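The following note concerns the salt bridges of the structure displayed below. Comments are set out as numbered points.

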Amino acid sequence: MDDDTLAAVLALWQQDNTDLPALFTQPPQAGRLKSPQPALYAQLACEPVKREKGGSQGPWLDWRKVTITVRGTKAGVVSALALVGGRFHDRCTLTYPSGSIFIRWRPLSGGKLVQDEKTKAGTDVWQGIVDGEVLSVRAV
């Protein structure tokens, strides 16, 4: 897990109070979620893809796959997917707390909608998944 990338994604998620933060009762969580969860909730995941040295003395180029999964009712997830896709796209900018330099977010999917195998209080649970590859420049 990369806390720096996750913090940058969370900061962009909460950038203003007009859409994403207003739709959810709590910000997205990373790692294993504890029950119970609200009717609509989001989970973040980040995994390394590739890392290479930018020259013999240069900084590191770091690629990460970020996955944003939204779960809830179908209507809630469809609304959330539109907002998440509108926030995390090929022109978005992440700001890293460590000072690492953001290069790009490359969408890997336009947002997938799938029905989960679980139900919650007798209601079908749906998942919306948005993922992207993040490239950054890091000193370490």
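**Note on charged side-chain pairs**

1. D62 is buried, since its relative accessibility is 2%; buried means under 20% relative accessible area, exposed over 50%, and partly exposed in between (1.4 Å probe, protein chains only). The model is predicted: local features need pLDDT of at least 70, side-chain atom pairs count only at pLDDT 80 or more, and totals for chains, interfaces and linings use all residues. Residues are numbered from 1 along each chain as its sequence is written, and side-chain values use heavy atoms, with hydrogens and water left out.

2. D62 forms a salt bridge with R51, at 3.2 Å from N to O; the term denotes a side-chain nitrogen of Lys or Arg within 4 Å of a carboxyl oxygen of Asp or Glu. R51 is in strand 2 (residues 41-53) and D62 in strand 3 (residues 60-72), so the contact ties together parts 11 residues apart in sequence. Strands (E, at least two residues) are DSSP runs, numbered from the N terminus. R51 itself is partly exposed at 36% relative accessibility.

3. The R51 and D62 pair belongs to a network of salt bridges that also includes R64 and R138.

4. E133, buried at 11% relative accessibility, has a salt bridge to R106 at 3.2 Å, N to O. Because E133 is in strand 6 and R106 in strand 4, this pair ties together parts 27 residues apart in sequence. R106 is partly exposed, with a relative accessible area of 37%.

5. E133 also forms a salt bridge with R104, with the closest N and O atoms 3.7 Å apart. Here strand 6 (residues 123-138) is linked to strand 4 (residues 101-107), across 29 residues. R104 is partly exposed at 34%.

6. The salt-bridge count comes to 10 by the rule stated above.

Technical notes:
Helices (H or I, at least four residues) and strands (E, at least two) are DSSP runs, numbered from the N terminus.
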